Amino acid sequence: MKWRRLGDVGLWAALSFLVLAESGARHDPYWFRAACIAVLAFAVLGRRRWPLVALAAVAWAEIVILAVALGTTNGVQIALVPAISLLSYLAGRRETQLKHFVVVCSGSLVGMLVLALTVRRGAQATEAVLTWLLMLLLALLLVVLPWLIGRYRAQQALLATAGWERAERIEREQQMEIDQERLRERSRIAEDMHDSVGHELSLIALRAAALELDPSLPEAHRQAAGELRESAATATERLGEIVGVLRDQDAPTTPHDETVRALVERAAASGLVVQLAEEVDGELAPMVDRAVHRVVQEALTNASKHAPGAAVTVTVTSNEDDVRVQVVDTGASRPVAAPSGGRGLDGLQERVRLAGGSLTAGPRPGGGFEVTATMPRAGGRPEPPTAAVERATVRRSARRGLVTAIAAPLLLGAVVGAVALGYYLVAGYSAILRPTQYDELTIGQSEADVVKVLPRMQMIDAPTERYQPPAGWSCRYYRPAAPFSANYVYRLCFADGALVAKAVVASGSVAPTPEETG
């Protein structure tokens, strides 16, 4: 809170310095300076709670100054303009309603026109309207554009916050789903191994131990039974390690101590006719490496069980992005009736899917069976497009908001500028007094007769700064030609219903020539 108040004081001091510097150079009265500083203090302190009220307070202070000072030799106080632009930007950042902002701006602009016509009743209505159009154009650049930029910044922050939160939530949900699927697969495989394979291995070890202790068997047979018991015990221990890997999320996913080549060599040593073609460059992700090993292991097990005597070909290849595993057998050489629960391939498909790949398995048209798996080298399922789309939507909305914030006031300013230019040209062409008509006017001629010759409008940008007509005189200014085509104008002054003076007045940096003055 303390730093916020210090910031308010600093902002008020900076804006007040601009007012004091300009007012000091213009020698404005002290009450005027104090009033401007008081308005700034109210606006700075109330900008957070009442942003539009603070903006309206400073804007109306400038409107009163414009209405009183325009058309006079006093000049116009513009030190409040930076405060108006800043407060407009802050009002946009406060996410003020568009309709409320439009009401404040529209009311201020209408009040500016009414106040100008009321305070300067002696001025031409055409000049007041043109001045109002110019002020409207400036308001678009100094008030509307800062508000739109502030509004864009507020919406950008809101969109970014909401978009990132939603994307992060989606990512967390997807990761939770992946983790849950992995846990379910781990648990299913672990239970299957523990219940079925573990039980069978225990029975094998038990029977082998009985044979090892049978005195009726020859020594060679009992030694072979001992080796079988040791192998079963080793397999049971290995099974426990695998079950531990499946049940522990943080356990390593690399093969325990066996590569694909070692697996194939062990299968060949047991009597399976198998060949390996391996072309893998570099290392694979741990999950992918384990999945490749598991695909080959399951395919060789199925081949030895369902196609005894068949020749098996194992092919493992990789490229920059993917790794492909293919295991093909030639089919059983004799009919077999091996039980199958179908759980092996189901679990294999789930494992490959979790690694981000796909698996197909089925009979070949010419006989035999084929298992094919393709997985990304990096492993893991790719990020679903939802989060990426969410990020792209946030960025696209932010860019569209920025374009709108800049293009809308520029387009509206171009329209207002075109209207102001058109109004100026219409008024300029309607205020042309031809040189021959000017020459025919004589001093002392009645105003009623002169008015019959005069055009229907007067100039709206007459050079009146250096001329003060005598009391009771009313002067009018007209062009000798179309706008932008002459550097002089005609001045006609009336008093007591008669033309009392006529003159050619320079309207540019070049004085009229004798030929032009006629």
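Two strands pair if DSSP finds at least two bridges between them. In this predicted model, strand β7, residues 488–495, is joined to β8 by eight bridges, and the two run antiparallel. Within this pair, Phe494 stands opposite Leu499 of β8.

The pairing belongs to an open sheet of three strands, in the order β6-β7-β8, with antiparallel pairing. Its edge strands are β6 (474–478) and β8 (498–506), each of which pairs on one side only. From one strand to the next, the twist averages 25 degrees.

The next topic is the nonpolar interior. In soluble globular proteins, nonpolar side chains tend to be buried together. Here the largest nonpolar core has 29 residues, and Val292, Leu300, Val314 and Met375 have the most contacts inside it. Two or more residues each come from α8 (260–269), α9 (286–306), β2 (311–318), β3 (322–329), α10 (343–354) and β5 (369–376). Helix α9 gives the largest share, eight residues.

Neighbours within four places in sequence left aside, Val314 is in contact with several residues, including Val264, Leu276, Val296, Leu300 and Val327. Another core lies apart from this one; it has 24 residues, among them Ile65, Ile84, Val143 and Trp147.

A last stop is Arg33, which is placed in helix α2 (residues 30–46). Is Arg33 buried or exposed? Buried means under 20% relative accessible area. Arg33 has 15% relative accessibility, so Arg33 counts as buried. Beyond its neighbours within four places in sequence, Arg33 is in contact with Leu20, Ser23, Gly24, His27 and Asp28.

Conventions: Residues are numbered from 1 along each chain as its sequence is written. This is a predicted model: local features need pLDDT of at least 70, side-chain atom pairs count only at pLDDT 80 or more; totals for chains, interfaces and linings use all residues. Side-chain values use heavy atoms; hydrogens and water are left out. Helices (H or I, at least four residues) and strands (E, at least two) are DSSP runs, numbered from the N terminus. Axes are lines fitted to C-alpha atoms, for helices over the stretch in contact, and angles run from 0 to 180 degrees between N-to-C directions. Buried means under 20% relative accessible area, exposed over 50%, partly exposed in between (1.4 Å probe, protein chains only). Contact means heavy atoms within 4.5 Å. A nonpolar core is a set of buried Ala, Val, Leu, Ile, Met, Phe, Trp, Tyr and Cys residues joined through side-chain atoms within 4.5 Å.
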